[in-house]
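Here's a quick briefing to read alongside the sequence and the model. Grab your viewer and follow along.

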Amino acid sequence: MKLTLTKSISKVTNIVFLAEDITGLKDLISPERYAYFKKSWDSTPLQYVKSISGFLFVINTNKANLDDCRKHGFTILDFVKNEKNLHVSGDDEAKTLALLEGLLLSNYQFLKYFKAAKEKKNKLQEIKIHGAVTKNALNELEELVASVFWARDMVNEPVSYMNATQLSKEIVAKGKASDYNVTVLEKKKIESLKMGGLLAVNQGSEQPPTFTIIEYKPKNAKNKKPIVLVGKGVVYDTGGLSLKPTPHSMDLMKSDMGGAAAMAATIDALAKNQIPVYVIGLIPATDNRPGKTAYAPGDVVRMFDGTTVEVLNTDAEGRMILADALAYSNKYKPELVIDAATLTGAAVRALGTRTSISMGNAKDSYFRKLYESGLKTHDRVFRFPFWEEWKEDLKSDIADMKNLGGANAGMITAGKFLEHFVKYPYIHIDIAGPAFLEAQDSYNGKGATGAGVRLLYDFLKNL
Ligand code: BES
Ligand code: MN
Ligand code: ZN
């Protein structure tokens, strides 16, 4: 979809009229129709009519906050997705952009595996915008949405295509296109670095692991020490020998690299929009399988930083691969380390799919800013406690730690496990809830949502 600015709005096309005052609508429609819209202006936030000249949608911005505008975008897209054209007229930049964001995000389709993909594809190609929006803001929005779509695509791809090697190839290709450095460590290198956690999870797999390092370091970066973003790249999670019970619990586990997709896509968006922030991305990737040589409950694994871990459940694999990446992050002496991971079912049970969960030991001001970015983008995150006592649940009889906490607060003991490996200020984000949806949720769609990308883009841009 293309967004272009226009000087005037055509009357004979589909129109979205967005304003805090209805009088501007007078010039566009007949007096009778104007009277009709005016009558319900205060009571109905979104009104519409269809005539021979096309759809007309009227939004009262006094009655619509930013996210209402995004959701109106979703509602409207369903009407106009196969139209030839659409004009948007708005008198408020933030709300017009939110509406456009909702329209664009709702236009996502993952059609690769349909025979009739061409026929299924939405026909709307271009939106013309009139009013209080700058060309720069439109470009930024388009790039950001493209990155969200990339994250969604990677997550929606089944493991038969999106294995660890393919995941790193995707990131290399984007790095070339958008001009940032990507280095892929192959299995041999991972072995020589002794990344025991990543290698243990990979033991049951037919396919090699990868460890992808992304570096975006603009000359005008505001920070000297990088922000490191770590993403869980479990391209498929069977649970390993602690096999997930079927039915259904495995069906969505191609989405277990949602954190990896979110972090790569966030950096991609920052780079394309030339945001002056120095960021490193670390993506450990593998599938988790119960193959003949799979790691087993009771095994003791020596991790990248030398910590030994007693494995009591091979389905707690995310923390095994993240721990090595988090320990690797120490070498950058980062200002802040953030990871995103579809880490625990406990996070989903606690708060459902409407928010991610954050926790960590970074300064409160970081958490406040992250929370505010969440409210602003509606890619929300809610902070959980992170007190020391939860660490006691991870004590092992024969190793430094075990990879399994107690029966309760699984999202927190998982976070505490990860914290052990990071020597710098740390935020853990569990995105297990919102990363992949089984039912349509407005512009977030159904299936992969790209959760975390808009959140972290806004957070890092405004840091
Ligand atoms: N990838 C799962 C977590 C998950 C569950 C994500 C549901 C999305 C939806 C993770 O690897 C996992 O299996 N976690 C276990 C940990 C447990 C064994 C300590 C869980 O949450 O059950
Ligand atoms: Mn698991
Ligand atoms: Zn997992």
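Let's start with strand E2 (residues 15-19), which is mostly covered, with five of its five residues buried. Keep in mind that this is a predicted model.

- Strand E4 (residues 54-60) runs parallel to E2, and five bridges join the two.
- If you want a landmark for that pairing, look at Leu-18, which stands opposite Ile-59 in E4.
- E2 also pairs with strand E5 (residues 86-90), again in the parallel sense, over four bridges.
- Here the pair to find is Ile-15 and His-87, with His-87 sitting opposite in E5.

- Strand E8 (residues 210-216) runs antiparallel to E11 and is joined to it by seven bridges; Ile-214 has Gly-281 as its bridge partner in E11.
- Strand E9 (residues 227-231) runs parallel to E11, with four bridges joining them; Ile-227 is partnered with Val-279 of E11.
- Strand E10 (residues 233-237) pairs with E11 in the parallel sense over four bridges, and Val-234 stands opposite Thr-286 in E11.

**Nonpolar cores**

- The largest nonpolar core has 87 residues, and Leu-167 and Ile-338 are the ones with the most contacts inside it.
- Domain 1 (2-132) and domain 2 (142-461) both give residues to this core, so it lies between them.
- Leaving out residues up to four places away in sequence, Ile-338 touches Ile-227, Val-228, Leu-229, Val-230, Met-263, Ile-427, Ile-429, Leu-456 and Phe-459.
- There's also a second, separate core of 40 residues, which includes Ile-213, Val-230, Tyr-332 and Leu-394.

- How far apart are the end C-alpha atoms of helix H9 (residues 258-272)? They are 21 Å apart, which agrees with the 21 Å that its 15 residues should span at 1.5 Å a residue.
- H9 is mostly covered, with 14 of its 15 residues buried.
- Just after H9, Gln-274 takes a positive phi of about 50°.
- Thr-246 and Pro-247 are joined by a cis peptide bond, with omega about 0°; Pro-247 is found in the loop between E10 and H9.

**Other positive phi values**

- Lys-194 isn't a glycine, yet its phi is positive at about 60°.
- You'll find Lys-194 in the loop between helix H7 (187-192) and helix H8 (196-202).
- Is Lys-194 buried or exposed? Lys-194 is exposed, because its relative accessible area is 61% and the cut-off for exposed is over 50%.
- His-378 is a residue other than glycine with a positive phi, near 65°, and it is found in the loop between helix H12 (364-377) and strand E16 (381-383).

Technical notes: Residues are numbered from 1 along each chain as its sequence is written. Chains are lettered from A and ligands numbered from 1 in the order in which they are written. This is a predicted model: local features need pLDDT of at least 70, side-chain atom pairs count only at pLDDT 80 or more; totals for chains, interfaces and linings use all residues. Side-chain values use heavy atoms; hydrogens and water are left out. A nonpolar core is a set of buried Ala, Val, Leu, Ile, Met, Phe, Trp, Tyr and Cys residues joined through side-chain atoms within 4.5 Å. Buried means under 20% relative accessible area, exposed over 50%, partly exposed in between (1.4 Å probe, protein chains only). Domain bounds come from an automatic or database domain assignment. Contact means heavy atoms within 4.5 Å. Two strands pair if DSSP finds at least two bridges between them. The expected span of a helix is 1.5 Å times one less than its number of residues.
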